[in-house]
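This report describes selected features of one protein chain. Please consult the sequence and the structure shown below while reading.

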Amino acid sequence: MILFSNIIIFALLLIFSFIIGFFTLPVICDRLLKHKRQEITESFERNLATYKYVQENKPHVPEKRITAVHKWAEIQVNQNKMGKLEPWMADKLAESGIIDRVFDEEHYVKIDTDKWSFDATLKNKFLCGLLCFFSAFVINLPVLLCPYFSVVSHQGLACLFATLLMLCIVLIVLCDKQVMIIPYQVCLASIPLSILCAFINVGFEGIFSSIITALIITGLLYSISLIFSIFGIKGSIGAGDIRIIPWICLACGMTGSIAGLIACFVFLALQAIVLLIRKKGNRKTYLPMAPGLLIWLIVGYFAGFFIGAPFYIALY
């Protein structure tokens, strides 16, 4: 009877994931991208006006403000190189003297403005639903296997929160693949889901090690990104990736976080090798990290559930 009920829960979570992936996530992604584009446009115009004012009134402007606008101008140059600026932005930067050329085959990339909306064709929606379905399949395997392993109780509830967290990461993947931006709204939505997953899987006893693991891994990756930026290597790990990583670690637990981290970087390395072999990129090509984060969650949650959870239950 327990196994039959678990099969029902498993099937319902898969169907739920496909429906959300097919109908809901494309709509949310489209709205988030349009909202972000509006935010970036307003911020760009406001900062550009400030830059022009400072340049025209330098003797009367405080040194701190001059430093701030020059820092903003430097960021815009890097954003343009990464292809994150629209053509009209690059044109205005060139007119203001912030960049030397509007477009250059070797150094600059003009972003496609169509990327700021999700192309909700039937094929894309189906692929999104399929991605959610297969991700949910792996995430929810504990629902089927727990009766045999007797790992923890409430496994159905744990997998429900893990499925919702997975859907948030898929939404991040859609946005990151489009314009290499991770919406902060999705990161905020992931926090309570991650905390609930951690409490249900390892309880109060194991939550502290999960928190420490999340802090160590996030701090290590942030330090590596900081060191790279000091030496002029841009685009190693983005700020959005750093914001979501600790919550993935918290949901996966200590053991799962390590397994997921390895799986993530193996996936990204294989992706880079394939692009190099097919000559669709080079060592300067920027790869979105969000697909790797989805692999991290899937592998890490599965490993953490069957390795980490029994460890803490036996220990405490």
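## Cysteines

Cys128 is buried, with a relative accessible area of 4%; buried means under 20% relative accessible area, exposed over 50%, and partly exposed in between (1.4 Å probe, protein chains only). Cys168 also counts as buried, at 13% relative accessibility.

A disulfide is a pair of cysteine sulfur atoms within 2.5 Å. A search of the whole structure finds 0 disulfides. For Cys128, the nearest cysteine sulfur belongs to Cys132 and is 4.6 Å away. The sulfur of Cys168 has its closest cysteine sulfur in Cys187, at 9.3 Å, which is too far for a bond.

## Basis and confidence of the model

This is a predicted model, in which local features need pLDDT of at least 70 and side-chain atom pairs count only at pLDDT 80 or more, while totals for chains, interfaces and linings use all residues. Residues are numbered from 1 along each chain as its sequence is written, and side-chain values use heavy atoms, with hydrogens and water left out.

The predictor's confidence in each residue is given as pLDDT, from 0 to 100. Its mean over the chain is 82, and 84% of the residues reach 70 or more. Helices (H or I, at least four residues) and strands (E, at least two) are DSSP runs, numbered from the N terminus. Among the elements of the chain, helix 4 has the highest mean pLDDT (94) and helix 5 (residues 141-149) the lowest (67).

Over residues 101-111, pLDDT stays under 50, and the model has 27 contacts beyond four places in sequence for them; contact means heavy atoms within 4.5 Å. Residues 311-316 likewise stay under 50, with 7 such contacts.

## The second largest pocket

A pocket is an open set of points on a 1 Å grid over the protein atoms alone, where a 1.4 Å probe fits, with protein on both sides within 12 Å along at least five of seven lines; lining residues have an atom within 4 Å of a point. The second largest pocket is lined by 13 residues, and Phe118, Asn124, Leu174, Lys177 and Gln178 lie nearest its centre. Helix 4 (122-139) and helix 6 (155-179) each supply at least two residues of this lining.

## Met180

Met180 lies in the loop between helix 6 and helix 7 (184-230). Although Met180 is not a glycine, its phi is positive, at about 55°. Most residues other than glycine have a negative phi. At 22% relative accessibility, Met180 counts as partly exposed.
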